[in-house]
Structures are given as structure tokens and as C-alpha cells.
Amino acid sequence: MISKKLTSLLKTVKTIAIVGASSNQERDSYKVMEFLINSGYKVFPVNPTETNKMILNQKCYSNLNDIQEKIDMVDVFRSSKYVFDIAKEAVSINASILWTQEGVIDDNASDFAKKEGLIVIMNECPKKILEESFK
């Protein structure tokens, strides 16, 4: 049931910033990024330790504010202790959705982002949601 709502939400998204993206093919962020690109999304990797490097042929940015295009969704692959600061950045760039990966939860960040008008999805994987919708 919930995955149908999330699938519908993901259909409204065109651009995704992946915070905590990695060039390591074994990392979940890499696998999810690759899947999202192959699913037709325009994806922007964000990781200060990989700034200006290419991940899956996409330039990596040091933070959300460096991206010059409108970002619909911010997908977070960082530990929960960083989510509040990422939520503030997501608000500052007028993102529509703050999404955190499985195991990443911060209620304060969620409350803040919702109060600022963002849709907040926590502890979910968009790759898994989309894969379910293809079944």
C-alpha cells in the first residue's frame, strides 16, 4: 500500500541529488544512483570527498548549493547525525522531497523539513520501491 504512494511520488520527480554518493561500485549509494539513472532520472552526486570527480559519468558536487539546476528530491546516504544539516540545505535549494535511505532517521530533521514545506520520506529506498512497482 505505502509503496504505491511512494511510486506515485517518485513519478513526479525528474532530478535527484544523492548526498553521500560514492564512486565505489560496491556501495549502496552507487547501486541506487546507477538504477535511478537507468530509470530515467537526472542524478547529481554530492560528496565533498569526491568533488569534481565523475561518478557514473556525472560530475560530483561538494554540496547541494553548488548544483545549478532545480533539484526535486534529495536522497540521503549519510548517517542520521548529518540529516538535519542536509535538511536545511534541501530547504535552501527549494527541493520538494527529502528522502533518507533505510536505517537513516532523524525526527527533528523530518519535523523541520515538513514545517518548511518538504515532503519527507525516511527509512526507505527508492530503488526498492521502483523495483516493486515493476513486478
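Me: Where is Asp72 found?
Reply: This is a predicted model, where local features need pLDDT of at least 70, side-chain atom pairs count only at pLDDT 80 or more, and totals for chains, interfaces and linings use all residues. Residues are numbered from 1 along each chain as its sequence is written, and side-chain values use heavy atoms, with hydrogens and water left out. Strands here are DSSP runs of E, at least two residues, and helices are runs of H or I, at least four, numbered from the N terminus. Asp72 is found in the loop between strand S4 (58-59) and strand S5 (73-76).

Me: Which backbone nitrogen does the Asp72 side chain reach?
Reply: Asp72 touches Thr12, Val13 and Thr15, among others (contact means heavy atoms within 4.5 Å). Its side chain reaches, at 2.7 Å, the backbone nitrogen of Lys14.

Me: What about Asp106: which backbone nitrogen lies 2.8 Å from a polar atom of its side chain?
Reply: Asp106 sits in the loop between strand S6 (97-100) and helix H4 (107-115). Asp106 is also buried without a salt bridge, with Lys88 10 Å away as the nearest side chain of opposite charge. The backbone nitrogen at 2.8 Å belongs to Ala109.

Definitions and conventions:
Buried < 20%, exposed > 50% of the residue type's maximum accessible area, 1.4 Å probe, protein only. Lys, Arg positive; Asp, Glu negative; His and termini not counted. Salt bridge = Lys/Arg side-chain N within 4 Å of Asp/Glu carboxyl O. Polar contact = N/O pair within 3.5 Å; in protein donor to acceptor, adjacent residues only side chain to side chain. Lists of a residue's contacts leave out its neighbours within four places in sequence.
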